[in-house]
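Me: Can you help me make sense of this one? I'd like to go through it bit by bit.
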Amino acid sequence: MKKENITLLLVEDEAITALSLRSELVQLGYEVIGIISTGTEAVQKACSHEPSAILMDINLIGAMNGVEAVEKIYEHTAIPVIYMTGYSNSEIKERALRTGPLAYLEKPVNVYDIKALLDSLH
């Protein structure tokens, strides 16, 4: 059962978490066009491939966090973002929410919560 034309970019620096989530999303019929672990790569991939949505961790490998990556992505395109985080202080959460995400989910995320959010896009 493939979700027609719904492509996802998964930005997550924890490999086990990323692979598990990708597997669950693919089983639900979504196409995951990539797993990215840095903010810089996320900006490049999002802007060049324009997925239907981005699942964005806030803490990433490298100097750019997920919120900064989304701010850069939004300079070029308005792809819906679902933040996923296991670490959150009020300052980071407020900054993330100011970017206008589709959602802000605390880890561990439930794939069916993500599905409900993605289904609301179409």
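Me: Where is Thr 38 placed?

Reply: Thr 38 sits in the loop between β2 and α2 (39–49). Keep in mind that we're looking at a predicted model.

Me: Okay, and why is Thr 38 called buried?

Reply: Buried means under 20% relative accessible area. Thr 38 comes out at 18% relative accessibility, so Thr 38 counts as buried.

Me: What does Thr 38 touch, leaving out residues up to four places away in sequence?

Reply: Thr 38 touches Val 11, Leu 60 and Ile 61. To count as contact, heavy atoms have to be within 4.5 Å.

Me: Now the sheet. In what order do the five strands come?

Reply: The order is β2-β1-β3-β4-β5, in an open sheet with parallel pairing.

Me: What makes β2 and β5 the edges?

Reply: β2 (31–36) and β5 (103–106) each have a single partner strand, so one side of each has no neighbour in the sheet. On average, neighbouring strands here are turned by 20° against each other, ignoring direction.

Me: How do you know that β1 and β2 pair?

Reply: Two strands pair if there are at least two bridges between them. β1 (residues 7–11) and β2 have five bridges, in the parallel sense, so they pair. In one of these, Thr 7 has Glu 31 in β2 as its bridge partner.

Me: Which strands does helix α1 lie across?

Reply: Helix α1 (residues 15–27) lies across β1, β2, β3 (53–57) and β4 (81–85), and runs at about 170° to β2.

Me: And what about helix α3?

Reply: Helix α3 (residues 66–73) lies across β3 and β4, at about 150° to β3.

Note on methods
Residues are numbered from 1 along each chain as its sequence is written. This is a predicted model: local features need pLDDT of at least 70, side-chain atom pairs count only at pLDDT 80 or more; totals for chains, interfaces and linings use all residues. Side-chain values use heavy atoms; hydrogens and water are left out. Helices (H or I, at least four residues) and strands (E, at least two) are DSSP runs, numbered from the N terminus. Axes are lines fitted to C-alpha atoms, for helices over the stretch in contact, and angles run from 0 to 180 degrees between N-to-C directions. Buried means under 20% relative accessible area, exposed over 50%, partly exposed in between (1.4 Å probe, protein chains only).
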